[in-house]
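Good morning, colleagues. Please look at the display as I speak.

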Amino acid sequence: MKMPLDFSPIIRLIDENNSFAITTHVNPDGDALGSEIGLAEWLLSIGKNVRIINCSSTPYNYKFLDVQNPIIEHFDEKNGADPFTEADLIFVLDVNDAGRTRSLGPFLQKSSKPIAVIDHHLNPKPFATEYYIDENACSTGELIVRLIEEARVALGGTISRKAAIALYAAIMTDTGSFKFPRTTSAIFR
């Protein structure tokens with residue numbers, strides 16, 4: 001049984017801030033990338049500034065998610081500059097251990113900015129200020145959809161075609177094409 005997450009603190013943080021950075025784990029999969037793009041597109045629709053910064057390049061089979069108006073940046077660790085300095089809030093999606101973000105991990109661990117983890121994996125490691133974890137969720141994409149649905153009541157915004165495709169890919173890949181045990185009728189809807 002899925003327990004409702006209280007997204008109200010993160011919705012308040014979204015409302016109060018203007019600049020966001022989003023990242024995920026090394027070698028991102030469909031859930032990670034789809035969740036990042038889905039959240040970023042919605043944030044853009046409510047007038048926020050957003051950067052997606054990943055330590056790994058987008059795998060070839062997921063490049064179609066970010067063709068039109070590309071938003072995903074590959075972090076250049078040779079540069080050495082903190083990629084999160086311009087962000088008011090950092091989202092870490094589909095991973096709950098800063099070490100799994102590889103070269104971005106040290107910046108996350110020493111950041112004074114609020115960090116919100118949205119994830120569906122077990123055993124989070126302490127590094128963030130906010131955790132939104134539902135281990136019963138089929139994917140992080142599902143959690144992003146739930147967050148957006150709840151936040152749209154207060155903040156508005158739209159789910160663009162690009163966001164919808166990305167969120168579908170997130171849910172589809174982490175449910176094994178809607179076959180894994182956590183797939184429910186609500187997920188199909």
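This is a predicted model: local features need pLDDT of at least 70, side-chain atom pairs count only at pLDDT 80 or more; totals for chains, interfaces and linings use all residues.

Which residues does aspartate 66 touch, not counting residues up to four places away in sequence? They are Ile37, Ile71, Ile72 and Lys162. For isoleucine 71 there is also a polar atom pair to report: its backbone nitrogen lies 2.9 Å from a polar atom of the aspartate 66 side chain.

I turn next to backbone geometry. Most residues other than glycine have a negative phi. Asparagine 27, although not a glycine, has a positive phi of about 50°. Aspartate 94, also a residue other than glycine, has a positive phi, near 65°.

Where are these two residues placed? Asparagine 27 sits in the loop between strand 1 (19-23) and helix 2 (30-45). Aspartate 94 is in the loop between strand 4 (89-93) and helix 3 (105-110). Are they buried or exposed? Asparagine 27 counts as exposed because its relative accessibility is 54%, whereas aspartate 94, with a relative accessible area of 1%, is buried.

My next subject is a helix pair. Two packed helices are described by the angle between their axes and the distance between the axes. Helix 1, residues 8-16, packs against helix 4, residues 140-155, at an angle of about 55°, and their axes are 10 Å apart. The two helices are therefore oblique to each other, and helix 1 passes helix 4 in a right-handed crossing. On the side of helix 1, the contact is made by Ser8, Ile10, Ile11, Ile14 and Asp15; helix 4 contributes Leu147, Glu150, Ala151 and Leu155. Sorted by class, this contact has 6 nonpolar, 1 polar and 2 charged residues.

Finally, the chain as a whole. How many helices and strands does the protein chain have? There are 6 helices and 6 strands, and read along the sequence they follow the pattern α-β-α-β-β-β-α-β-β-α-α-α. The protein chain has 189 residues, of which 52% count as buried. Among contacts with a separation of 6 or more, 71% are between residues 24 or more positions apart.

Technical notes:
Residues are numbered from 1 along each chain as its sequence is written. Side-chain values use heavy atoms; hydrogens and water are left out. Axes are lines fitted to C-alpha atoms, for helices over the stretch in contact, and angles run from 0 to 180 degrees between N-to-C directions. Helices (H or I, at least four residues) and strands (E, at least two) are DSSP runs, numbered from the N terminus. Angles under 35 degrees count as roughly parallel, over 145 as roughly antiparallel, 65 to 115 as roughly perpendicular and the rest as oblique. A crossing is left-handed if the near helix is turned anticlockwise from the far one by less than a right angle, and right-handed if clockwise. Contact means heavy atoms within 4.5 Å. Ala, Val, Leu, Ile, Met, Phe, Trp, Tyr, Cys and Pro count as nonpolar, Asp, Glu, Lys and Arg as charged, and the others, Gly among them, as polar. A polar contact is a pair of N or O atoms within 3.5 Å; within protein, one must be able to donate a hydrogen and the other to accept it, and residues adjacent in sequence count only if both atoms are side-chain atoms. Buried means under 20% relative accessible area, exposed over 50%, partly exposed in between (1.4 Å probe, protein chains only).
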